[in-house]
Amino acid sequence: MISSEAARRRDRIVNLLSSYGELSASALSEMLGVTVQTLRSDLRALDDSQIVKRRHGGASLAASENIDYQPRLSVSRQEKNRIAAAVAKMIPNGATVALGTGTTVEAVARALVGHEGLTVATNNIHVVLALRMAEHITILLAGGKVRLRDLDLIGAESRDFFDGLCFDHAVFSVGGVSETGDLLDFNLDEIRARQAIYACARERTLVIDHAKIGRTAPHRWGRIQDLERTICGGPLSQSLKTAGNESGCDFIEV
């Protein structure tokens, strides 16, 4: 098991590569204040986990589309748990909650296990597994095509499932958030499901770890300023927070 210091450093590497695209090993070592040898060890570990791709003495994110589910579990794990705890505090017993896909939302599901009387609708099989021991929570699972890589359900059936709901809360993540507040993603079917989750509830909460801030993805489908709440594990720019606050979006950094 890697040390907590190494885990935090590797989270920062992912965040820096999300912001800059590609960086040399020497540049990363200077930014992080570690030796090139230590940095190269981190890059080898992240490359082995398919999170980054090493090339020409440097590295970039391994992401023409989103990285696989198991490698994503190791990215920003502590941040995701803090985000999940913050979400759990704001959701009362007896609420109806739509939960989307992704490892941060899975962490939210784990944090909700102690709640009573919840009704949870999801297209995320990992959420179902996280809640399997929660006797006082009712789970509704969307239909659709199963993506075996991520164990989620997408397609028309999943979209129609959420279209028919009128819930209290929707909690979802995205592939990335631009510096101007655009919600970005990699897959059109996944976007359609997220749009339906976004529209099915009165209060919408975006949950993102710091690696998503400034991360690019090919499809833009929404604006962070249109949400009720964003909970993130890293600092957002002041201009983005100002724009969001003016439109009524509450930013919570954990």
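Predicted model: local features only at pLDDT ≥ 70, side-chain atom pairs only at ≥ 80, totals over all residues.
**Exercise 1.** Classify the pair formed by the rings of Phe172 and Trp221, and state which elements of the chain the pair links.

*Solution.* The count for the structure comes to 4 aromatic pairs, and the pair of Phe172 and Trp221 is taken here with its centres 6.0 Å apart and its planes at 50°. Planes under 30 degrees apart would count as stacked and planes over 60 as edge-to-face, so the remaining angles are called tilted; the pair of Phe172 and Trp221 is therefore tilted. As to position, Phe172 belongs to strand S9 (residues 167-172) and Trp221 to strand S13 (residues 219-223), so that distant parts of the chain, 49 residues apart, are linked.

**Exercise 2.** Decide whether Phe172 and Trp221 are buried or exposed.

*Solution.* The cut-off for a buried residue is a relative accessible area under 20%. Phe172 has 0% relative accessibility and therefore counts as buried, and Trp221, with a relative accessible area of 13%, is buried as well.

**Exercise 3.** Find the partner of Arg9 in a salt bridge, and state which helices the pair links.

*Solution.* Among the 14 salt bridges that the structure holds is one between Arg9 and Asp42, whose closest N and O atoms are 2.5 Å apart. Arg9 lies in helix H1 (residues 4-20) and Asp42 in helix H3 (residues 36-48), 33 residues apart, and the pair thus links distant parts of the chain. Arg9 and Asp42 are both buried.

**Exercise 4.** Starting from Arg147, trace the network to which its salt bridges belong.

*Solution.* Arg147 meets Asp150 in a salt bridge at 3.4 Å, N to O, and both of these residues are buried. Arg147 also forms a salt bridge with Asp152, where the closest N and O atoms are 2.6 Å apart, and Asp152 is likewise buried. Through shared partners, salt bridges join Arg147, Asp150, Asp152, Asp185, Glu190 and Arg194 into one network.

Terms used. Residues numbered from 1 in each chain as written. Heavy atoms only, no water. Phe/Tyr/Trp six-rings, centres within 6.5 Å; stacked < 30°, edge-to-face > 60°. Helix = DSSP H or I, 4+ residues; strand = E, 2+ residues; numbered from the N terminus. Buried < 20%, exposed > 50% of the residue type's maximum accessible area, 1.4 Å probe, protein only. Salt bridge = Lys/Arg side-chain N within 4 Å of Asp/Glu carboxyl O.
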